[in-house]
Amino acid sequence: MVFRATILSLYPEMFPGPLGVSLAGEGLKTGLWSLESRQIREHGLGRHRAVDDTPAGGGPGMVIRCDVLAAALDAAVKADDARPRLLMSPRGQPLRQARVRELAAGPGAIIICGRFEGVDQRVIEARGLEEVSIGDYVLSGGEIAAMVLLDACVRLIPGVMGKDHSGDEESFEGGLLEYPHYTRPRDWEGHSIPDVLTGGNHAEIARWRRAEAERITHERRPDLLKG
Ligand code: SAH
């Protein structure tokens, strides 16, 4: 069973986009994961396939209709589909590595990309959508947010990143940001690599990296240490 992603969007042609290159793209080609992107507008109303309407109560912008989005969703997924139904939304729970790990270990995801002012609240409740945010800023649509979420998940799928990369030591995995990296040349513009890293003492290197990770996390993201 591979990780299956189904996208619902008004711009399905944006996919796979950046997910079609490099490791995610190779994984897609070799069947380590799959991606299907569907056009919400196929379920639009009337001759113009309308998907949106003016907000109840007034105000600017347009809102994606609940009947149209529900029809698109119901056509895309069977009732017994176990995959979580995610709605990309700045009002959602902020995406974290722990949730990414859970999603990557599961059967995949159904991801709805909003546009305009967002979607009618009733479809969120009636179809049990989980709202997910990629950060405290507003994008013009959910597509790039969906790509961010998928990129984070897909790189964790076994085989996508190659054998020697477990991802265990990366930022956020131990509740810490990662230690700094160095590579050749040993001396560059008067700056050298910290001696401990070229000394060959693996226990010392591990201690140094741990201490650096703690120092950097303390400086930049003290909020991570509280958790
Ligand atoms: N009026 C909304 C913003 C709509 S932005 C509000 O103030 O909350 C249009 C669409 O872009 C949203 O429906 C959502 O799908 C997507 N989007 C925007 N910012 C996002 C974010 N930070 N995380 C995830 N999706 C986002």
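A residue counts as partly exposed when its relative accessible area lies between the 20% under which residues are buried and the 50% over which they are exposed. In the predicted model examined here, leucine 139 has a relative accessible area of 39% and is therefore partly exposed. Leucine 139 is located in the loop between strand 7 (130-133) and helix 5. Together with Tyr137, Ile144 and Val148, Leu139 forms a nonpolar patch on the surface, and the accessible area of these four residues together is about 360 Å².

The chain is divided into two parts, domain 1 spanning residues 3-154 and domain 2 spanning residues 169-227. Taken over C-alpha atoms, the centres of domain 1 and domain 2 are separated by 36 Å.

In soluble globular proteins, nonpolar side chains tend to be buried together. The largest nonpolar core of the model comprises 27 residues, of which Trp33, Ile111, Leu149 and Leu150 touch the most other members. At least two residues of this core are supplied by each of strand 1, strand 5 (85-94), helix 3 (97-105), strand 6 (108-112) and helix 5. The greatest contribution, eight residues, is that of helix 5. Another core, of 20 residues, lies apart from the largest one and includes Leu10, Ile40, Ile64 and Leu87. When residues up to four places away in sequence are not counted, isoleucine 111 touches Thr6, Ile7, Leu8, Leu86, Met88, Ala146, Leu149 and Leu150.

Several features of the backbone were also examined. Most residues other than glycine have a negative phi, and most peptide bonds are trans. A cis peptide bond, with omega about 0°, links phenylalanine 15 to proline 16. Proline 16 belongs to the loop between strand 1 (3-9) and helix 1 (22-29). A cis peptide bond with omega about 0° also joins arginine 184 and proline 185, and proline 185 is situated in the loop between helix 5 (142-154) and strand 8 (187-188).

The loop between helix 5 and strand 8 also holds phenylalanine 172, a residue other than glycine whose phi is positive, near 80°. Phenylalanine 172 has a relative accessibility of 39% and so counts as partly exposed. A positive phi, near 45°, is likewise found at glutamate 189, which is placed in the loop between strand 8 and strand 9 (191-192). Glutamate 189 has a relative accessible area of 64% and is therefore exposed.

Notes: Residues are numbered from 1 along each chain as its sequence is written. This is a predicted model: local features need pLDDT of at least 70, side-chain atom pairs count only at pLDDT 80 or more; totals for chains, interfaces and linings use all residues. Side-chain values use heavy atoms; hydrogens and water are left out. Domain bounds come from an automatic or database domain assignment. Helices (H or I, at least four residues) and strands (E, at least two) are DSSP runs, numbered from the N terminus. Buried means under 20% relative accessible area, exposed over 50%, partly exposed in between (1.4 Å probe, protein chains only). Patches are made of residues with over 30% relative accessible area and no salt bridge: like charges are joined within 9 Å, nonpolar side chains (Val, Leu, Ile, Met, Phe, Trp, Tyr) within 5 Å. Accessible areas come from the Shrake-Rupley method with a 1.4 Å probe; for residues, only the protein chains shown count as cover. A salt bridge is a side-chain nitrogen of Lys or Arg within 4 Å of a carboxyl oxygen of Asp or Glu. A nonpolar core is a set of buried Ala, Val, Leu, Ile, Met, Phe, Trp, Tyr and Cys residues joined through side-chain atoms within 4.5 Å. Contact means heavy atoms within 4.5 Å.
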